[in-house]
Amino acid sequence: SYQTKKEEENVSLTSIKLIDPVYKLVVELFYKTWNNENVIEQWTEITNNEKASIVLNKYASANLFFSDKDSYLTTFQGEYLKEMQPLEEQLLQGIKTIESKLGTRAMLLGTSNFILSFGGPARENSGEVVLGQLAWSGNYKLDFEIDSHKNLRFIGGINPYASAYTLPPGKTFKTPSLIYTVSHNGTGEASRQLQDWARKYRVLNGEAGRLTLLNNWEATYFDFDENKLSALFKDAKNLGVDLFLLDDGWFGNKYPRNNDNAGLGDWQENIKKLPHGIGYLVKEAKAAGVKFGIWIEPEMVNPKSELYEKHLDWVIRQPERPEKYYRNQLVLDLSNPEVQDFVFGIVDDLFTKNPELAFIKWDCNAVIYNAYSAYLNKNKIPQTHLYVDYVKGLYDVLKRIRAKYPSVSMMLCSGGGGRADYELLKYFTEFWPSDDTDPVERIFLQWNYS
């Protein structure tokens, strides 16, 4: 069966219900459309009505088909300081795959964004194009397959790699969304349609104003104290700046955060650098006529930290293998509800103690190496749930934060633009595209993001 219902004047939702003739499985396909912006959001829900659990080995979000045309694909490769580098190629017979297996911070290799152009390479103001993204913050896989008649089949979703997912009886699995727009007037129109949609319907407070901020990072790195910070923001208002952001290095006492190999996970003010605490800086900033914001990286931990010493079972690591680090850190296991409570508590504690705090910069610098969850093992849940449940756990934490703090400005950062997807941007007011602040290179980088 199928049905279409109008959710509001501009928004419709169509669902197509499919029932397996042999097994008691229901697959429902959803298509949400925004008429004025010409944007489609597509996802799948799989329900197990069997008496026993089933295992989902491949569970795509969307399967699109384009007939008998020369197809060109633009993808966006990347590395640190070189995010969103475009690569266009003609799709020939066979399968072209774009994927990530990094667990987090996918943009170190590439992104789940794509442009499809038909009849020739993509052009700015003419031609038929599809511009889209899989809105998922973990491992993704996009397959573009050309058959012998030049037809293109596109399948996109969570990467099946090490992610077989056990679905108990009576439960439903919802895939992430594929979000895309179609233009008959080139990539410029497609981009404007998607940006209009994102501002109105997806990015948190998308049509509201934004704060200009002064960040201490490249001025001081880890080498600062109260006096140095106060001196920095005293002239901020005269520069036209609304907010001062204190970046990495403000926390840790047993293992002070004086460089990037210690302290991550120990979210107490460093008493040597900030003897009067964050509250003092919030008041000093207010006296100088600016708001105050702070950097956190709550999903991560340094092995040189009290958190690592006390809660080794919270860390994603294989006990039998040597630990591998990215920026001297490991990832916390957000499939574990205790870890979710801890991460929520970091943010909640900052706002409880400092209610006038105006901004959070949320970083994520490490990828997942040697994926293994002590929590899943203890609860006899397959390890292949980790890559999926990590991302779901992150979303659950952000839902809790937004339920309690619905409007505070939050920047999504990941060593630069390692995360910039429309699912995370439900919870953030902006994202940091790159640590590359060269003004000329930044023009091209932000053009590619757009």
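Me: What is the handedness of the crossing of α3 and α4?

Reply: A crossing is left-handed if the near helix is turned anticlockwise from the far one by less than a right angle, and right-handed if clockwise. Here α3 crosses α4 in the right-handed sense. The model is predicted, so local features need pLDDT of at least 70 and side-chain atom pairs count only at pLDDT 80 or more, while totals for chains, interfaces and linings use all residues. Residues are numbered from 1 along each chain as its sequence is written, and side-chain values use heavy atoms, with hydrogens and water left out.

Me: At what angle do α3 and α4 pack, and how far apart are their axes?

Reply: Helices (H or I, at least four residues) and strands (E, at least two) are DSSP runs, numbered from the N terminus. Axes are lines fitted to C-alpha atoms, for helices over the stretch in contact, and angles run from 0 to 180 degrees between N-to-C directions. For α3 and helix α4 (residues 277-287) the angle is about 25° and the axes are 10 Å apart.

Me: Which residues of α3 and α4 meet?

Reply: Contact means heavy atoms within 4.5 Å. From α3 come E226, L229, S230 and F233; from α4 come G277, Y280, L281, E284 and A285. By class, this contact has 5 nonpolar, 2 polar and 2 charged residues. Ala, Val, Leu, Ile, Met, Phe, Trp, Tyr, Cys and Pro count as nonpolar, Asp, Glu, Lys and Arg as charged, and the others, Gly among them, as polar.

Me: In what order do the strands of the sheet with β17 and β24 run?

Reply: Two strands pair if DSSP finds at least two bridges between them. This open sheet has 6 strands in the order β17-β18-β19-β22-β23-β24, with parallel pairing. Its edge strands, β17 (213-215) and β24 (430-431), each pair on one side only. Helix α3 (residues 226-234) packs on the sheet and touches β17, β18 and β19, its direction making about 155° with that of β18. Between β18 (residues 243-246) and β19 (residues 291-296) there are 4 bridges; L245 has G293 of β19 as its bridge partner.

Me: How many aromatic pairs are there?

Reply: Rings of Phe, Tyr and Trp (its six-membered ring) pair if their centres lie within 6.5 Å; planes under 30 degrees apart count as stacked, over 60 as edge-to-face and the rest as tilted. The count by this rule is 26 aromatic pairs. One of them is F233 with F244: the ring centres are 5.1 Å apart and the planes are at 65°, so the pair is edge-to-face. F233 lies in helix α3 and F244 in strand β18, so this pair ties together parts 11 residues apart in sequence.
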